[in-house]
Amino acid sequence: MSISKITGTAPGQRPRKRRLGLLTIGRAPTRGQFVGISVTVFALLIAAWWAATRSGAIPALFLPSLDRVWQRMVSLATEGVLTSDIKSSLYRIVIAFVISSVMSIVIGTLAGCYGLFKAIVEPLVDFIRYMPVVAFVPLTILWTGTDDFQKFLVIWIGTFFQQVLMMIDAVKRVPADFVGLGRTLGMPDRTIMLKIVLPAAMPAIWDALRISLGWAWTWLVLAELVASTSGLGYRIVVSQRYFQTDTIIGYILLLGFLGLITDQVMRAAERVLFRYNRRSS
């Protein structure tokens, strides 16, 4: 079959170049296009919210107007309630997430490098990770009470076991040639793990941490919904009792905003820490 038939052009005519759009597989938007599309999506959602509440199509009890939510959040911030709730929640998620991440990196690296540790860790983690975190909430209260340690434990249960498997996978994806090079240079296993395997796996490990941080925010709210006296989740429960939908919506949006900020911070840190692993996206 001739090239002219494949390209659909007449003999002697140059094949026309196809214009690659954003709907083409593998075509990534520019930074400006990405920001523009993202801002447009949020603007359309806000406009739809404004139109639905302005027209009265949705009662204020179910979805308060944007200005009412804003005024409520400003009022809580002025009273100091909002700041106190944010501080309590940030403290809990930072402590629990750091503990979970350090433990998962250590255990996941060992399991990814050594078959003995993998045989010990992987089946157990696979078994526990399918257990619903919600079912552990009353048990954590029974075991530890209702103080901050109970909140740490709920977040840890929700993130640690998933993180371990992601760390194992990140370590296993390190090319075998890297390990072989270390052996050729006469390095002991411990040096190969610390100097070769761990640095090579760190970009994937960091990406796994960024993803699991989103889960940590979810389990934080769950931990604060039950037997708590402070935090963003606690304020949502209190507001539910008094049908303060504006506060509930405001805190839900705040949680999304805080999660987006932490995600972008980790993305920015990834570009700085792992410049050698720059991806086209």
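Which helices are included in what covers the buried residues of α10? The cover includes α4 (81-113), α9 (189-225) and α11 (245-273), where covering rests on contact, meaning heavy atoms within 4.5 Å, and helices are DSSP runs (H or I, at least four residues) numbered from the N terminus. The model is predicted, so that local features need pLDDT of at least 70 and side-chain atom pairs count only at pLDDT 80 or more, while totals for chains, interfaces and linings use all residues. Residues are numbered from 1 along each chain as its sequence is written, and side-chain values use heavy atoms, with hydrogens and water left out.

Helix α10 itself spans residues 232-241 and is mostly covered, seven of its ten residues being buried, that is, under 20% relative accessible area, as against over 50% for exposed and in between for partly exposed (1.4 Å probe, protein chains only). The buried residues are L232, G233, R235, I236, V237, V238 and S239. After the helix comes F243, whose phi is positive, near 55°.

One of these buried residues, L232, also belongs to the largest nonpolar core, which has 38 residues and in which L82, L209, L213, W217, L232, Y251 and L254 have the most contacts. Such a core is a set of buried Ala, Val, Leu, Ile, Met, Phe, Trp, Tyr and Cys residues joined through side-chain atoms within 4.5 Å. Helices α3 (66-79), α4, α7 (148-172), α9, α10 and α11 each supply at least two residues of this core, and the largest share, 13 residues, comes from α9. Leaving aside residues up to four places away in sequence, L82 touches M73, L76, A77, Y251 and L254. A second, separate core of nine residues includes A111, F160, F161 and V164.

A search of the whole structure finds six aromatic pairs, a pair being rings of Phe, Tyr and Trp (its six-membered ring) with centres within 6.5 Å, counted as stacked with planes under 30 degrees apart, edge-to-face over 60 and tilted for the rest. The rings of Y91 and F152 have centres 5.8 Å apart and planes at 65°, so this pair is edge-to-face. It links distant parts of the chain, with Y91 in helix α4 and F152 in helix α7, 61 residues apart. Y91 counts as partly exposed because its relative accessibility is 43%, whereas F152, at 13%, counts as buried. Elsewhere, ring pairs link W156, F160 and F161 into a cluster.
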